[in-house]
Amino acid sequence: MLVALIVTCEIGFWVLLAGGLALRYLGGMPRLGAAVLLCEPLLELVLLVVTTLDLRNGGEPGWTHGLAALYIGYTVGYGHYTVQWLDRHAAYRFGGGPKPPGPAYGRARAVHEWKLWARTLAGAAVALALLQAAIWYVGDAADTAGLQGWQFAVLRLLGIHAVVAATYTIWPRKAPARRGEGV
């Protein structure tokens, strides 16, 4: 049941996002569109409550609880960023707004990658805190090895993302040559 709720929350995220942006830019109702977009955190609240109730009612802590924590952490770290990114593109495409900036190169790209890593760090901190709270909540009453495994997975993802960001710092991506320049 928890997996179905996670999938439902993910689908609901994109439905609310598309609906909110459509109301803002296609329907000419920016306030209503913003209200719809503000409903998105309710999905994560529902997921958190249901996950907690499942554990409280004797649910065996497992990979589904870990996935729920990771999903909530990701949403905290990247949810607002994703909404803003898509809002800028919708404003350009449907609302006559300025063209969103293209891919960054060099130092600007490295800074961008480290900002993304900071978002990953925030999401990881939330996921780790939720997982640890779940471990303490169920205590010795259940096997929490699965939840601890998710904690190590979160730390591995954080480390991998740090390596990716570091590569943009060490080997900065160069802008493509313009036509007529160079050879």
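Predicted model: local features only at pLDDT ≥ 70, side-chain atom pairs only at ≥ 80, totals over all residues.
**View 1. Thr 75 sits in helix α4.** Helices here are DSSP runs of H or I with at least four residues, strands are E runs of at least two, and both are numbered from the N terminus. With 15% relative accessibility, Thr 75 counts as buried; the cut-offs are under 20% relative accessible area for buried, over 50% for exposed and partly exposed in between, using a 1.4 Å probe and protein chains only. A polar atom of the Thr 75 side chain lies 2.9 Å from the backbone oxygen of Tyr 71. As for touching, contact means heavy atoms within 4.5 Å.

**View 2. Tyr 74, Tyr 78 and Tyr 81 make up one aromatic cluster.** A pair of aromatic rings is described by the distance of the centres and the angle of the planes. Rings of Phe, Tyr and Trp (its six-membered ring) pair if their centres lie within 6.5 Å; planes under 30 degrees apart are stacked, over 60 edge-to-face, and the rest tilted. That rule gives a count of 4 aromatic pairs. One of them joins Tyr 78 and Tyr 81 edge-to-face, at 6.4 Å centre to centre with 80° between the planes. Because these two are 3 residues apart in helix α4 (residues 63-95), about one helical turn separates Tyr 78 from Tyr 81. Both Tyr 78 and Tyr 81 are buried.

**View 3. Trp 114 and Trp 117 pair up edge-to-face.** Their rings are 5.8 Å apart centre to centre, with 75° between the planes. Both lie in helix α5, 3 residues apart, or about one turn of the helix. Trp 114 is partly exposed, at a relative accessible area of 33%. Helix α5 (residues 106-138) has 33 residues and should span 48 Å at 1.5 Å a residue, which agrees with the 48 Å between its end C-alpha atoms; the expected span is 1.5 Å times one less than the number of residues. Just after α5, Gly 139 takes a positive phi of about 55°.

**View 4. Leu 70 belongs to helix α4.** Leu 70 is partly exposed, with a relative accessible area of 23%. Leaving aside neighbours within four places in sequence, Leu 70 is in contact with Ala 127, Trp 150 and Val 154.

**View 5. The largest nonpolar core has 15 residues.** Such a core is a set of buried Ala, Val, Leu, Ile, Met, Phe, Trp, Tyr and Cys residues joined through side-chain atoms within 4.5 Å. Cys 9, Phe 13, Leu 17, Leu 47 and Tyr 71 have the most contacts inside it. Two or more residues come from each of α1 (2-26), α3 (40-56) and α4, and α1 gives the largest share, 7 residues. A second, separate core of 12 residues includes Ala 124, Ile 135, Trp 150 and Leu 158.

Note on methods
Residues numbered from 1 in each chain as written. Heavy atoms only, no water. Polar contact = N/O pair within 3.5 Å; in protein donor to acceptor, adjacent residues only side chain to side chain.
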